[in-house]
Amino acid sequence: MRHLARVASLILVAGAVLLQTACSGVLPSKQTETRSPWTSFDQAKASYDLILPGETRLQDLQAMGLDPARAPNVRRLNYVELIEFFMPHPSIQRSDLDPSLRACLDARESCYAYEIQPGVTRERRHGNVALDVFGFRRETTTSGWQFKSLIVLQGDVVTYKLWSGEPNIQRETSEHRPLGPLQSGEKLLERAIY
């Protein structure tokens, strides 16, 4: 009994200290980086702009660091995966596709693509430490960049390319739980049972 009282008082003291300090430097942070030859969105986009359909060859891509065998996070897609990518449901017909893409898909095995998705995202929690730790309020800032590109080749020549991305990711997430740890009671119950 004395042991439980001691643990409870320790928890109360720790909680009081956390409430007083409210120093967000002790909150966790996370960084996710998809490694690539580029360190920024602008570098990735500049390299992408150098790729010219009908002119750029496989050797040129390899010289740029886009070789799935050597470069990290470059995925090779076969023609079946490309069909699924460009025609995910029956409402999209082959006639809707770019003529160079259709010709590549008709070539079957000699049609393939490189999918590249470099990026960096950082998540940093901030705010009141006690409210965060006890689950009442959690505030997170997410920042970074992401670039996605698909380079389609027929044989050893680029026939089509496509890109999308977010050059400047800036997101604020605020999660409020008025009952704090009691709102995730089902998780506590699960832990107690198992």
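Two strands count as paired when DSSP finds at least two bridges between them. Strands themselves are DSSP runs of E with at least two residues, helices are runs of H or I with at least four, and both are numbered from the N terminus. With that in mind, Thr 140 stands opposite Thr 173 in E6.

Before you click further, note that this is a predicted model, in which local features need pLDDT of at least 70, side-chain atom pairs count only at pLDDT 80 or more, and totals for chains, interfaces and linings use all residues. Residues are numbered from 1 along each chain as its sequence is written, and side-chain values use heavy atoms, with hydrogens and water left out.

**The whole chain**

Start with everything shown as a cartoon. You will find 7 helices and 6 strands, running α-β-α-α-β-α-α-β-β-α-β-β-α from the N terminus on. Of the 194 residues, 30% are buried, where buried means under 20% relative accessible area, exposed over 50%, and partly exposed in between (1.4 Å probe, protein chains only).

**Strand E5**

Now select residues 137-154, which make up strand E5. This strand is mostly covered, with 13 of its 18 residues buried. Which strands pair with E5?

- E3, residues 111-116, pairs with E5 in the antiparallel sense over 6 bridges; look for Ile 116, whose bridge partner in E5 is Ser 149.
- E4, residues 119-126, is also antiparallel to E5, over 8 bridges; here Val 120 has Trp 145 of E5 as its bridge partner.
- E6, residues 157-176, pairs with E5 in the antiparallel sense over 17 bridges.

**Glu 115**

For the last stop, go back to strand E3 and pick Glu 115. Is Glu 115 buried or exposed? Glu 115 counts as buried because its relative accessibility is 15%.

Finally, leave aside the neighbours within four places in sequence and select what Glu 115 is in contact with (heavy atoms within 4.5 Å): Asn 73, Val 74, Arg 75, Leu 77, Ser 149 and Leu 150.
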